[in-house]
Amino acid sequence: MLGGAGILLGVAAAPAQAAEVSYKTECVPPAISGLPPVEGTTKVEITAPAEAKVGDEVTITWKFTQAASKNPDVLDLDKDTVKPTGTLKAAGAQTAAVAMEGPRQNPAIPKNSDMKLSDMTGKLKLTAAGDVTLTPDAYNINVSKPISTDTKCTPKETVNPSATIKVTSGGGTGGTPTPTPTPTPTAPTGSATPSPSGSGTDGGADTGGSGGQTDFTGKEVSVPYACKTPIGDKNATSAVQINAKKNGGSFGLTVQFKASVMDSPADIPADSVKPSMEVVLGGADKGTVHVEGPTNSAPIKSGDPIEIPDLTGTYKPGATGSSTLSPGVLTVMALGTTTTCTPTKSEVSLTLDTSQQASGASGGGSTSSGSGSAGTSSSGGLAETGSGSHGALKALGLVAGTVILLGGAVFTFMPGRRTR
């Protein structure tokens with residue numbers, strides 16, 4: 001009898017290892033991704049004491065045996081970059097929403113492999129006698145790199161309880177309840193449609209190069225782009241202007257995107273975005289000129305305007321005559337990814353009178369990149385453009401191709417377009 005009593009006491013004191021519960025789940029990517037929700041099955045085990053007393057504070061563990069979806073075949077997730085949080089529903093003798101949180105602890109998760117989420121824990125102060133059932137509810141998955149973003153997953157069907165605590169009256173005083181963890185902020189919504197452009201109104205003549213003139217202002221042209229991004233092909237239209245400043249026999253080029261401000265949809269680290277372009281030569285000259293801008297020198301806070309500097313380079317003519325300059329292929333390097341936008345229709349922004357230079361551009365070779373100055377004055381009918389500062393231009397958000405994948409949720413920055 002004593003042996004039997006000992007066995008019974010052991011059973012009563014043992015924690016309840018609950019049976020696995022599974023439920024259909026919908027995981028919603030950040031709104032700026034423009035992607036539809038992902039549906040899958042979540043499998044969870046909830047562990048809690050089998051018995052406790054009113055006044056006790058019990059610890060509950062939520063173990064993922066299966067997340068709702070896999071990490072898609074786009075981006076590897078680094079070690080210790082994934083953090084789950086969620087809510088557990090207590091019902092029956094006591095009703096409560098228990099905040100659950102897991103550590104940012106995971107193995108490296110390769111593309112197209114199962115998500116690995118850490119166990120979450122939470123505490124519940126028992127206030128009433130009777131059976132208290134514990135049921136998993138919605139959860140959130142945060143990825144910290146390369147940019148912090150969240151995927152929200154909610155049940156799409158009634159979920160069965162996964163554990164039950166038998167609560168008796170009287171007993172211990174329990175402990176201090178654990179405060180509800182602060183939810184990880186989600187990334188603000190934005191547009192995932194790539195549009196490296198906005199509509200500008202500034203324009204200018206497209207000829208120059210005579211009478212000792214040194215500054216030449218191009219006209220603003222609308223360029224339709226076909227963009228290849230890490231998540232597929234996109235179309236965009238951008239208003240672009242090319243200016244030049246003569247320096248001996250060469251020209252310093254400055255390419256400006258005439259677009260409205262785009263607010264950053266999330267925090268962007270410093271030195272993570274770098275745009276460049278190949279300016280197309282025509283007329284007497286042939287080839288391309290490489291122009292580029294520096295990376296963002298400081299982090300960009302969520303909600304702040306994305307500022308892009310002028311793209312600059314040096315054009316060394318390879319022919320004598322009237323040479324044209326048109327916007328060409330645009331490339332944006334962002335956090336290890338590349339987006340390439342190719343014009344589907346080209347239009348001349350600037351025409352220059354050029355004199356052939358040794359090792360010039362003619363014949364299709366690209367000139368080496370360099371720094372040039374934007375023209376600050378004009379003559380011969382060229383429009384005045386104002387300041388030629390190389391400071392950041394509050395223009396379009398060329399944060400393209402940045403992809404963060406989390407269980408099927410894709411987070412991407414694409415150029416946005418808004419009215420001035």
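## Exercises on a predicted model

Cys 27 stands opposite Cys 153 in β12. Keep this pair in mind while you work through the exercises.

### Exercise 1: Confidence

Task: Find the mean pLDDT of the protein, and find where the pLDDT is below 50.

Solution: 

Step 1. Take the whole protein. Its mean pLDDT is 73, and 66% of the residues reach 70 or more.

Step 2. Now go to residues 363-420. Here too the pLDDT is below 50, and the stretch has 227 contacts in the model beyond near neighbours in sequence.

Step 3. Decide how to read such places. Where pLDDT is low, predicted coordinates should not be read in detail.

### Exercise 2: The disulfide of Cys 27

Task: Describe the link between Cys 27 and Cys 153, and say which parts of the chain it ties together.

Solution: 

Step 1. Start with the sulfur atoms. Cys 27 and Cys 153 are joined by a disulfide, with 2.2 Å from S to S. A disulfide is a covalent bond between the sulfur atoms of two cysteines.

Step 2. Find the handedness. The torsion about the S-S bond of Cys 27 and Cys 153 is about 110°, and therefore the disulfide is right-handed.

Step 3. Cys 27 belongs to strand β2 (residues 21-28) and Cys 153 to strand β12 (residues 149-155), so the pair ties together parts that are 126 residues apart in sequence.

Step 4. Look at how the strands run. β2 and β12 are antiparallel and are joined by four bridges.

Step 5. Check accessibility, with buried meaning under 20% relative accessible area. Cys 27 has 3%, so Cys 27 is buried. Cys 153 has 1%, so Cys 153 counts as buried as well.

### Exercise 3: The other disulfide

Task: The structure holds two disulfides. Which cysteines form the one with sulfur atoms 2.0 Å apart?

Solution: 

Step 1. Name the pair. The cysteines are Cys 227 and Cys 341.

Step 2. Locate them. Cys 227 is in strand β15 (residues 221-229) and Cys 341 in strand β23 (residues 337-343), and the pair links distant parts of the chain, 114 residues apart.

Step 3. The link of Cys 227 and Cys 341 has 110° about the S-S bond and is right-handed. Both cysteines are buried.

Step 4. Write the pairing. With the bonded cysteines numbered in sequence order, the pattern is 1-2, 3-4.

### Exercise 4: An aromatic cluster

Task: Work out how the rings of Trp 62, Phe 64 and Tyr 139 are arranged.

Solution: 

Step 1. A pair of aromatic rings is described by the distance of the centres and the angle of the planes. The structure holds five aromatic pairs.

Step 2. Take Trp 62 and Phe 64. Their ring centres are 5.6 Å apart and their planes are at 45°, so the pair is tilted.

Step 3. Take Phe 64 and Tyr 139. This aromatic pair is edge-to-face, with 5.0 Å centre to centre and 70° between the planes. Phe 64 sits in strand β5 (residues 57-66) and Tyr 139 in strand β11 (residues 130-143), 75 residues apart.

Step 4. Trp 62, Phe 64 and Tyr 139 form one aromatic cluster.

Step 5. Check burial. Trp 62 is buried at 0% relative accessible area, and Phe 64 counts as buried at 10%. Tyr 139 is buried too.

Step 6. Return to the opening residue pair. Tyr 139 stands opposite Cys 153 in β12. The strands β11 and β12 run antiparallel with five bridges, and a hairpin through five residues joins them.

Note on methods. Residues numbered from 1 in each chain as written. Predicted model: local features only at pLDDT ≥ 70, side-chain atom pairs only at ≥ 80, totals over all residues. Heavy atoms only, no water. pLDDT = per-residue confidence, 0-100. Contact = heavy atoms within 4.5 Å. Disulfide = S-S within 2.5 Å. Helix = DSSP H or I, 4+ residues; strand = E, 2+ residues; numbered from the N terminus. Buried < 20%, exposed > 50% of the residue type's maximum accessible area, 1.4 Å probe, protein only. Phe/Tyr/Trp six-rings, centres within 6.5 Å; stacked < 30°, edge-to-face > 60°. Pairing = 2+ DSSP bridges.
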